[in-house]
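Below is a short briefing on a predicted model. Look at the sequence and the structure first, then read the points by topic.

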Amino acid sequence: MAVDPIHDEIVVPNTFAQAILFFRADAGGNEKPLRVIQGPKTMISGGASDTDNVAVDPIHDEVYVTQKTSDSVLVFDRRANGDVAPIRIIHGPKTRLRFPNRVSVDPVNNVLAVGAGSGVLLFNRIDNGDVAPHCVIHGPKTGLPQFWTNPGKVVLNPEAKKLIASGRIWKYGDCGDVPPLYELDGFGVEDLIPDEKAIIDLGGDGDIGPGKGEDSMQIYSLPEAF
Amino acid sequence: MRKIVVPLGLFTLAFGWIAFWTAGKDGGLLVWAQDGDNAARRRTIVIKRAPLRIVEDPYPTFHGIAMAEELGELFVSSDNTVTKEGPSLSVYNSQFVSQTNAITEPRRRATVAGFGDARWCGVAISPEFKEAYLIHADGGAGIATIPMDANGAVGEKRFVHTFHAPWGIFSELKFDELFVTIEHVNRIEVFERMAGLMDEPVRWIQGPKTQLADPHGIYVNVEKNEIYVANHGNWRYTEPGEGWVQLQQMRPELWGRRKTYHDDIRPLRPSTGKFLPPSITVFSRTAAGDTAPLRVIQGPRTGMDLPLGVFLDTKSNQLVVVNGGDDRLLFFDANAAGDIAPVRIIGGPATGMAGPTGVVIDRTRDELWVSNWSNHTVTAYSRTAEGNVAPLRTVRGAPPGAPATGMGNPSAAAYNPKRKEILIPN
């Protein structure tokens, strides 16, 4: 899911019905969504666990989803409702997208980051079609698996120009088989809490090894990298 | 003029201490050094620390439910991974007399030393063979068989993989089969009870004709040769035969023999997803393949909202549906079809239901039991109860009022800086 603090909305993917739902940020209970992107033109498709992730860019009014089964990233107008076609699609052999599982966007520095089986792929935010990523973080020195079977969210921090993936921190500009600046021992990052200088880690994010109960949330102080 | 001479060694020591202290405090100098441009010579710094705070539920979250009437025993699964014992199967005496606010001690509690993520949801039993069957939900994808009298940590008697994301299970005794719903691919799988790791379902129901849409609870009426399935209504086109097991959760013996999600590659194409009203689909017990249901209970009059567990009251021929969306039990005539209102409802604040998931009827004692995921309880009612009635008895997995986090396999949390809220999808 994703939060749009500017328009005070939350954005939730529904993988089983192949839809993107927009709710009021303070929605509760059995409340109808404000808008639903769903239908044949959307090409939200594929197999059993597609589109269980979403990112929102409230500045440029765009919403992003990755699709594992079709190795693609779909971009929609945030204000869209109903059966609408994507405004851009990143898809094709040059993209190196393989089993993309999570997408994040940095609207300040125009970075689109994808956690994929093929590593951390960084695109320009407005990339479209069969385009190569401007940067791929992948290889034995990165500490990421050769094939990342359950890619997690890539957390982007526009101010520090850092990215976090699988409990490892790189800076913008790091490309290729590059060791991370920092490695978090025993915890990962699902999102940042800037006003508390803290991070959110979930036991169930699948990134961090056993030892923690999955049905839990831990809050850690922000790593020094920020 | 006097000069102050600082020995080089002392200067190095002082500088080093300042660097260390700075790094330990806010990491400024460390960050400055680490952020240099020479990535090739970079040495990764490992950051260790304890969490500032932890949010978790130390009590069991009750999910699946089954009953051994002749023993007066309730079998209740918990999928909470952060309890002391982890996911477990607790067995309670259903006929306890003294109702207190204390935690109800089970007669026994079993945990299973298996493989991968254990996250038990559905549970069924076979008193004849003295076995319990636990659904290894989500990624674990399978049925673990353990002895019905298991206590403490036990190994699996058998394990058979289903496709990814099973939920409901029914143990059909006459023909000795296990029926399982698969949420992600709108499918019912039927296994021989003795199926083992290398076995596949003897038949399955799946495809666009089935109207299966995010199926959950399942009950098999062997007298009428019918299957009742509760559907949430999230629908997309599924190919007959579509499905897979998560690679990291697949037992090694099956590597290369079963499809994983990495084999599920498709071109971009028009989307098929849509929201259908929640439903009960009824199939022939022997249905197989892409088969239309015999009848469907569906529509606004039904009041269904996130239907979960389903059970047949054979005395009244009423189908009991756990309505997870509004904490109610809906009763329908088992022969009903179409958009019909429930013949009876149990619901309201007095019932103590919160996030109900499973239901079972004790025909011997005319009682009806409900497992409540959101308040650590299992609540009993008269089989014929109606309206806003208080439970006859309550099995407590936690002190009354103990908060439940509601976290179940959480992922992809997001922080809302405007409202200072953390949102967690489950």
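In chain B, four strands form an open sheet in the order 12-13-14-15, with antiparallel pairing. Strands are DSSP runs (E, at least two residues), numbered from the N terminus, and two strands pair if DSSP finds at least two bridges between them.

**Basis of the model**
- This is a predicted model, in which local features need pLDDT of at least 70, side-chain atom pairs count only at pLDDT 80 or more, and totals for chains, interfaces and linings use all residues.
- Residues are numbered from 1 along each chain as its sequence is written, while chains are lettered from A and ligands numbered from 1 in the order in which they are written.

**The sheet in chain B**
- Strand 12 (166-172) and strand 15 (203-206) of chain B are at the edges with a single partner strand each, so one side of each has no neighbour in the sheet.
- Strand 13 (residues 177-182) and strand 14 (residues 187-192) of chain B run antiparallel and are joined by six bridges.
- Ile182(B) has Arg187(B) in strand 14 of chain B as its bridge partner.

**The contact between the chains**
- Chain A gives 68 residues to the contact and chain B gives 69 residues, where two residues are in contact if their C-beta atoms, placed from the backbone, lie within 7 Å.
- Strand 19 of chain A supplies the largest share of the side of chain A that touches chain B, six residues.

**Pairing across the chains**
- Strand 19 of chain A pairs with strand 2 (residues 53-56) of chain B in the antiparallel sense, over four bridges.
- Opposite Ile219(A) stands Arg53(B), in strand 2 of chain B.
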